[in-house]
Amino acid sequence: MAYDYEYFKKAVYDLTKIDLGAYKEKQMKRRIDTLISKNKIVGYDKYIAAIKADKKMFEEFVNYLTINVSEFYRNPDQWELLDKDIFPDLIKRYGRSLKIWSAACSTGDEPYSLVMALSRHLPLNQIKIYATDLDKQVIAKAKVGLYAEKSIVGVPDDLKKKFFTKVGPSYQISEEIKARVEFHEHNLLKDAYPTEYHLIVCRNVLIYFTEEAKDEVFRKFQKSLKTGGYLFIGSTEQIINHKDVGFERKNSFFYQKP
């Protein structure tokens, strides 16, 4: 049997339930080949055997695969729009019990940013963010809530002062913010989606997916939202066929379910 990339994709799916076929192949294959070489392993079959036998190497592989680049208040102008337009509209429409999902939340920067941003509109004890990611390692890191200085550069000064404590060279987010986020493992390409959400935030993740996989995810997000709810996507993404998947475009990054 030829141990080619097709074999590898199937073996990875059997092991992790991550469907590499849904990712842009050239980009993902290059990343994986780099990781295999770094571990001084030759061949996909030997690498599969290695990650089956070595838990640490397996976790490194999943972590590497799930491309975790994140920061607080990434693209601040979009967060300003969320603060000035989207949150007030949602509170006016649905009241103070908003259901918000941070999908593919990575190391927690995004859901914690959502709590802080929403705290300008609602008391903390009324805020609850449902946050999910494929990678249990990044979820574990998110629950710790310790960040490098460069991760929190975009946080408004008053919120930084209020909700972060300096610990050596790092910054610890406060327990009162952490308490407002509930983390779960979730695979966007395989698992059932939660429903009846007012806002879904999924940013700078789908750029790695094929057009078909993106289309499927956007349709599922649309079904997960209540009528009038919003999807907030990343600055590197656009929903070209937003009408086909059931959205109205409010601007480049916010799409509403009519």
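Analyst: A helix axis here is a line fitted to C-alpha atoms over the stretch in contact, and the angle between two axes runs from 0 to 180 degrees between N-to-C directions. The model under discussion is predicted.

User: What makes helix 5 oblique to helix 6?

Analyst: Helix 5 (residues 76–94) and helix 6 (residues 109–118) pack at an angle of about 50°, and their axes are 11 Å apart. Because angles under 35 degrees count as roughly parallel and those from 65 to 115 as roughly perpendicular, helix 5 is oblique to helix 6. The crossing of helix 5 and helix 6 is right-handed.

User: Why are helix 1 and helix 3 called roughly parallel?

Analyst: The packing angle of helix 1 and helix 3 (residues 44–53) is about 15°, with 10 Å between the axes. Roughly parallel covers angles under 35 degrees, and helix 1 and helix 3 are therefore roughly parallel to each other. Helix 1 and helix 3 also cross in a right-handed sense.

User: How do you know that strand 4 and strand 5 pair, and in which sense?

Analyst: A pair needs at least two bridges. Strand 4 and strand 5 (residues 170–173) have 4 bridges, in the antiparallel sense. F164 stands opposite I173 of strand 5. The hairpin of strand 4 and strand 5 has 2 residues between the strands, and G168 takes a positive phi near 60° there.

User: What joins strand 3 to strand 5?

Analyst: Strand 3 and strand 5 run antiparallel and are joined by 3 bridges, against a requirement of at least two. Y147 has Y171 in strand 5 as its bridge partner.

User: What makes strand 3 and strand 4 the edge strands of their sheet?

Analyst: The sheet is open, with 3 strands in the order 3-5-4 and antiparallel pairing. Strand 3 (146–148) and strand 4 (164–167) each pair on one side only, as edge strands. On average, neighbouring strands of this sheet are turned by 35° against each other, direction ignored.

User: In which sense do strand 1 and strand 7 pair, and over how many bridges?

Analyst: Strand 1 (residues 100–103) and strand 7 (residues 197–202) pair in the parallel sense over 3 bridges. The cut-off is at least two. S102 has V201 of strand 7 as its bridge partner.

User: Which residues lie nearest the centre of the second largest pocket, and how many line it?

Analyst: The lining of the second largest pocket has 16 residues, with T16, V62, L134, K136 and E185 nearest the centre. The volume of this pocket is about 260 Å³.

User: Which helices each supply at least two residues of that lining?

Analyst: Helix 1 (5–16), helix 4 (55–65) and helix 7 (136–144) do. Helix 4 gives the largest share of the lining, 3 residues.

User: How many nonpolar, polar and charged residues does the lining of the second largest pocket have?

Analyst: The lining has 5 nonpolar, 4 polar and 7 charged residues. Asp, Glu, Lys and Arg count as charged in this tally.

Conventions:
Residues numbered from 1 in each chain as written. Predicted model: local features only at pLDDT ≥ 70, side-chain atom pairs only at ≥ 80, totals over all residues. Heavy atoms only, no water. 1 Å grid on protein atoms, 1.4 Å probe; cavity = no way out; pocket = protein on both sides within 12 Å on 5 of 7 lines; lining within 4 Å. Points joined across faces, edges and corners; volume = space filled by probe spheres on them. Parallel < 35°, antiparallel > 145°, perpendicular 65-115°, else oblique. Left-handed = near helix turned anticlockwise from the far one by under 90°.
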